[in-house]
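I set out to record what I looked up in this structure, entry by entry. The sequence and coordinates come before my notes.

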Amino acid sequence: MTYQGLIQRYGQYLDLPAHTKIISLLEGNTPLIPMPRLSRELGCELFIKFEGLNPTGSFKDRGMTAAISEAVGRGAQTVICASTGNTAASAAAYAARAGVRSIVLIPEGKVAAGKLAGAIAYGAEVIQIQGSFDDALSLVVEITQKTPIALVNSINPYRIEGQKTGAFEICDVLGSAPDWLCLPVGNAGNITSYWAGFKQYQKGLPRVLGVQAAGAAPLVLGHPVEKPETIATAIRIGRPARGEQALEAAQESNGRIIAVSDEEILSTQKILAAEGVWVEPASAAGLAGLLAESAVGKFEAKGKKVVVVCTGHGMKDPAVITDSFKSPKVIPASYDALVELVGA
Ligand code: AN7
């Protein structure tokens with residue numbers, strides 16, 4: 001049978017109510033890409049779970065198929081979310097597919113171009129908030145408590161159910177859980193989902209390395225961050241809704257949550273692109289964390305299988321790349337000019 005999406009594939013493991021009406025864009029089934037050069041350098045067996053290859057370009061589609069399927073199944077006609085961008089694009093796409101209205105609240109001026117364009121293209125009503133993601137989340141929580149509008153942020157338990165499938169896929173491809181799982185942490189839905197997924201699937205448990213951006217690292221600092229700031233706008237979050245669960249996942253798994261600088265995030269983005277995998281800045285945080293731990297001798301690499309979850313595609317945030325480069329050279333449309341330039 002051809003692939004029919006995550007709820008068809010893993011529905012038996014997902015706690016979804018009977019009224020769920022499947023809305024799918026054939027999300028999931030993303031590749032676990034071996035990284036031979038990085039593996040050699042680190043001395044471990046490293047794979048990238050490339051979530052940028054989901055239908056809307058990020059891991060959010062795993063949870064969104066579940067959340068929208070549940071909401072639409074119980075008759076919701078409007079869905080809403082707060083978002084740093086990827087949740088917005090995903091909610092908009094699945095709402096469009098279901099034929100319902102979507103409203104997305106984003107922090108003014110802090111959403112990468114590819115995400116904003118996606119949300120608009122899929123037909124969401126996009127509202128900019130003069131405030132942070134955290135302010136936007138408080139607003140959508142309030143409106144969904146007082147109206148029939150359905151909340152599709154990862155506070156919604158069905159988002160977590162759907163996102164567990166990332167862990168299932170990794171176990172199915174490797175035959176068992178890896179030794180380490182590294183991933184970025186923002187609102188902390190994904191780390192919560194992976195840990196729940198590994199525990200449920202019973203194919204072994206990884207140690208979990210959660211990585212925040214230094215300017216938005218409430219779980220490392222131990223307190224909320226009022227004005228989070230980082231180039232990795234996806235994880236520019238100061239009050240993670242599932243922060244407690246993220247800390248539990250790190251502790252129970254004998255892992256940890258650490259922070260990396262924007263410089264480390266950007267240099268790691270380049271390292272990944274140099275091996276053919278272009279991810280958005282936030283998505284480089286997981287590997288940046290692993291490299292940092294390795295550099296200070298806190299990562300025992302030998303014989304270890306490591307999966308780094310790269311949560312969103314590089315095309316989501318083209319400005320991060322183009323702003324840091326001069327425009328490409330311009331030459332006349334002549335063969336001589338070309339040969340002179342390339343030196344062949
Ligand atoms: C690429 O889209 O919060 O820790 O509103 O887009 O589960 O929040 C995005 C988060 C990592 C962090 N990588 O995941 C949103 C949003 C990318 C992301 C995260 C996000 P969580």
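Which residues does leucine 272 touch, not counting residues up to four places away in sequence? I looked this up in the model, which is a predicted one. I found contacts from leucine 272 to Met35, Leu38, Ile48, Val277, Val279, Ala284, Leu287 and Cys310.

Entry on the cores. I noted that the largest nonpolar core has 32 residues, and that Leu46, Ile48, Leu272, Leu290, Val306 and Val308 touch the most other members. Among the elements that give two or more residues to this core, I listed β2 (45-50), α12 (262-273) and β10 (305-310). The largest share, six residues, comes from α13. I then recorded a second, separate core of 31 residues, including Leu6, Leu181, Tyr194 and Ala249.

Entry on the aromatic rings. I counted eight aromatic pairs. Tyrosine 10 and tyrosine 201 pair edge-to-face, at 6.4 Å centre to centre with 75° between the planes. Tyrosine 10 lies in α1 and tyrosine 201 in α9, so this pair ties together parts 191 residues apart in sequence. Phenylalanine 168 and tyrosine 201 are stacked, at 4.5 Å centre to centre with 20° between the planes. Phenylalanine 168 belongs to helix α8, so its pair with tyrosine 201 ties together parts 33 residues apart in sequence. I found phenylalanine 168 buried at 0% relative accessible area, and tyrosine 201 counts as buried at 11%. Tyr10, Tyr13, Phe168 and Tyr201 form one aromatic cluster.

Entry on the surface. I noted a nonpolar patch of Ile331, Tyr335, Leu338, Leu341 and Val342, with about 500 Å² of accessible area together. Isoleucine 331 sits in the loop between α14 and α15, and it counts as partly exposed at 35% relative accessibility.

Methods. Residues numbered from 1 in each chain as written. Predicted model: local features only at pLDDT ≥ 70, side-chain atom pairs only at ≥ 80, totals over all residues. Heavy atoms only, no water. Patch = residues over 30% accessible without salt bridge, like charges linked within 9 Å, V, L, I, M, F, W, Y side chains within 5 Å. Areas by Shrake-Rupley, 256 points an atom, 1.4 Å probe, with all protein chains shown as cover. Salt bridge = Lys/Arg side-chain N within 4 Å of Asp/Glu carboxyl O. Helix = DSSP H or I, 4+ residues; strand = E, 2+ residues; numbered from the N terminus. Buried < 20%, exposed > 50% of the residue type's maximum accessible area, 1.4 Å probe, protein only. Core = buried A, V, L, I, M, F, W, Y, C linked by side-chain atoms within 4.5 Å. Contact = heavy atoms within 4.5 Å. Phe/Tyr/Trp six-rings, centres within 6.5 Å; stacked < 30°, edge-to-face > 60°.
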